[in-house]
Each structure stands twice: as structure tokens, then as C-alpha cells.
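This briefing goes through a few local features of one chain, grouped by topic. Please read it alongside the sequence and the structure shown here.

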Amino acid sequence: MNSRISDNPTQDQAQAMDKAANLIEALPWLSRFHGRTVVVKYGGNAMVSEELRVRFAESIVFLHYAGLRPVVVHGGGPQISAMLDRSGVESTFTAGLRVTTDEAMDIVRMVLTGQVNREIVGLINQHGPFAVGMSGEDANLLYAERKSVEVDGETVDIGRVGEVSEVNPGAVSALIADGRIPVISSVARADDGGVYNINADTAASALAVALGASKLIMLTDVEGLFADFPANTDLIRRLNVDELRALLPSLSSGMLPKMEACLTAVEGGVPQAHIIDGRVPHSLLLEVFTDQGVGTMVADEELEAELLAGNGHYPRPWRPTDTTTEHNPGAAK
Ligand SMILES: Nc1ncnc2c1ncn2[C@@H]1O[C@H](COP(=O)(O)OP(=O)(O)O)[C@@H](O)[C@H]1O
Ligand SMILES: CC(=O)N[C@@H](CCC(=O)OP(=O)(O)O)C(=O)O
């Protein structure tokens, strides 16, 4: 470098040097994550503006060009609620899950696979022929069993809500191998031949395990997991599986399926699972490529050490983990 620049840089030169320093900070992370599969769960609350959706698509395409293998699993809770409202179909939540009647299921499927999925695919494909949209029903990617939850010690039926019982990731792996970006809606088929509504966090973690992903990253509408919700002054930056297990019974509403999903992912062999703020443009890139990261990370120290050393690839058959937690009925979604 020209010594005149470093001794007495102009403002433009100083800015250019800052940019170069930021870029080079990404180098070790680029090397560690090159060729790795990263499952990104895109929550409905992080897609509420056109600006956020466009920035999200850019971040995913950036990961792709940087040599990672992103797989998107999306939700669309607020979008489903809006359509149910417009259609005059009542909708309630229990334990963070939508009580889904047969009538509601038709709308869930239409919104997730027919609208939200199409929109994300369209935005990514403005950058090239990368995204291929799929429902969890396609090629029997996600198989479900009917799920019930416990409230005050009583088992409660919540309708057409599924628990993932089997993952057949072959079609997704083939797309990844072909250089595509799979974009998956959280609807599954069950043995009874019906379709089931799967919480998108749950679907993303099951897929992350089955694909042997190196990371699961969930974008939502808070900075991460707060120890003092709803005051939200004490952000938990990092926790291990034991700490998370101890915390689960105290969690409420949307955070419960999210943290259960992190637990399932890390116990299933995914070294790191993150909750990050999808309202911050490009927060995904800050998480993957900066030293400090963002949000809350659940990590398994041994697997993480392997990952950071550049070792290991973690595909394992997916098996449901028992994360049964009693719902706190005082907490509303
Ligand atoms: N301990 C907590 N820390 C942060 N957020 C929490 C906590 N407990 C509950 N929440 C709620 O969980 C919400 C995120 O879940 P959800 O609404 O299902 O989002 P998404 O649509 O992204 O899946 C937050 O907006 C917040 O209101
Ligand atoms: C069973 C259940 O609750 N399914 C969710 C599926 C969508 C989802 O999970 O969307 P977010 O990620 O935006 O919350 C629902 O019907 O809202």
C-alpha cells in the first residue's frame, strides 16, 4: 500500500480501508463455511415489508456466491392469520402453535405454498436461476404425525398440526448438488393421506439435521432470546444444550417452538443454531461473516470446535427428539 495513504489518508481513502478491513474479516468464515449447508428459517414476522424481503433475497444469493449452500425454510404466520381473517375463519394459538381446523388447513397450504413460497422464489431468482420452490409434501420431504400438546396436565387436540416423524431429504440434496437454492414451505403429508400444518421452526430444524447442516439460522422479529422477556434488556448471546433445556419450561408463545427447534437441531448434530433479528437488513450476513455474530446462539462445544477447525460433515438420519414441554397457558401468541 502507498505509505502516503496510511500516514495521512483522506476521508475517502479511510473509508476504503475500513471497507477492506470489513471484507477481510470475513476470510476465516468464508473458508470455514465454504461448501457447507446452512438452513435458514425465514419467519413471517421478518418478511413484513417489501424492503426486508428484497434484502433477505440478496443475503441468500450472497451466501450462494460466497460458496455456502443455503436452504430456505419459510413460515408465514402473520400472512396466514391475515388470510384467515379475510376469509372469516377463526384462528387461535396453543403453545405457540396454530389450532388448525380442516378449513384452516386449506388456507394455510394456499398461503404458504401458493403465495409466500412463490414470492421468495421470485425475489431470489431476480439474481439468477437459483431458487426452486418446494412444499414439504413434495417427494415426501416431510412426513408428519398428528401432534397434541399438554395444557395444565391435559392433552389438547390442536387439529391438523403435525410433528415431523420422517425426513426424506433426497430431492433437496439433489437441488443443492445442482447449484440451486431450495425454498421450502412447512406443510407435510401424513400416513392418513392428509396434509398437516408444521411450525416452520420445527420443519427447519428437522431438515437441518437430515441434511447435516453446519448451521441453522432463524430470522425473526426480535434481537434474539431475552432472559427478561418482555422487558427485553437482557439478550442471551450464547447457551449450551443443558442451559437451554433448563430454560424451556419458562418460555412462552413464538419462542417456545423456536428454542425447541434449536435444541432438536443441536442435539441432532448441527453444531450451531441461531436466532437473529430479521428486521435488520442483512443480519444473516453479519451472523455468518463477522467475528462477533448477532443474536442468540445455541451451540454444542465439541461439534463447534470441529466446525471451526474446518473438520466434519454432519449428515445423520433425522429422528425426533423429545422436547415435550408443558405449555404456560397464561402466555398468548
Ligand atoms: N424470551 C423471549 N425472548 C424474545 N422473544 C420472545 C420471548 N418469549 C416470547 N417471545 C416472542 O416470540 C416472538 C417470535 O416468535 P414468532 O412470533 O413465532 O416469530 P416468527 O414469525 O419469526 O416465527 C417475538 O416477537 C416475541 O414476542
Ligand atoms: C402449527 C403452526 O403454528 N404452523 C404455523 C406455520 C407457519 C409458521 O410457522 O410461520 P412463522 O415462522 O412465521 O411463525 C402457522 O400456522 O402459523
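Histidine 282 counts as partly exposed because its relative accessibility is 27%, where partly exposed is the range between buried, under 20% relative accessible area, and exposed, over 50% (1.4 Å probe, protein chains only). This is a predicted model, in which local features need pLDDT of at least 70 and side-chain atom pairs count only at pLDDT 80 or more, while totals for chains, interfaces and linings use all residues. Side-chain values use heavy atoms, with hydrogens and water left out, residues are numbered from 1 along each chain as its sequence is written, and chains are lettered from A and ligands numbered from 1 in the order in which they are written.

**Backbone geometry**

- Histidine 282, which lies in the loop between strand 13 (272-277) and helix 11 (283-289), has a positive phi near 65 degrees although it is a residue other than glycine; helices (H or I, at least four residues) and strands (E, at least two) are DSSP runs, numbered from the N terminus.
- Alanine 95, placed in the loop between strand 3 (93-94) and strand 4 (97-98), is likewise a residue other than glycine with a positive phi, here near 55 degrees.
- With a relative accessibility of 10%, alanine 95 counts as buried.
- Phenylalanine 229 and proline 230 are joined by a cis peptide bond with omega of about 10 degrees, and proline 230 belongs to the loop between strand 11 (215-220) and strand 12 (238-239).

**A buried aspartate and its contacts**

- Aspartate 201, a residue of helix 8 (residues 200-211), counts as buried because its relative accessibility is 3%.
- The side chain of aspartate 201 makes a polar contact of 2.8 Å with that of lysine 41 and another of 3.2 Å with that of lysine 258, a polar contact being a pair of N or O atoms within 3.5 Å, of which, within protein, one must be able to donate a hydrogen and the other to accept it, with residues adjacent in sequence counting only if both atoms are side-chain atoms.

**Negative surface patch**

- Asp242, Glu243, Glu301, Glu302 and Glu306 form a patch of negative charge on the surface, where patches are made of residues with over 30% relative accessible area and no salt bridge, like charges being joined within 9 Å and nonpolar side chains (Val, Leu, Ile, Met, Phe, Trp, Tyr) within 5 Å; a salt bridge is a side-chain nitrogen of Lys or Arg within 4 Å of a carboxyl oxygen of Asp or Glu.
- Helix 9 (241-247) and helix 12 (301-308) each supply at least two residues of this patch, and helix 12 gives the most, with three.
- Glutamate 301, found in helix 12, is exposed, with a relative accessible area of 57%.

Conventions: Areas by Shrake-Rupley, 256 points an atom, 1.4 Å probe, with all protein chains shown as cover. Lys, Arg positive; Asp, Glu negative; His and termini not counted. Charge placed at Lys NZ, Arg CZ, Asp CG, Glu CD.
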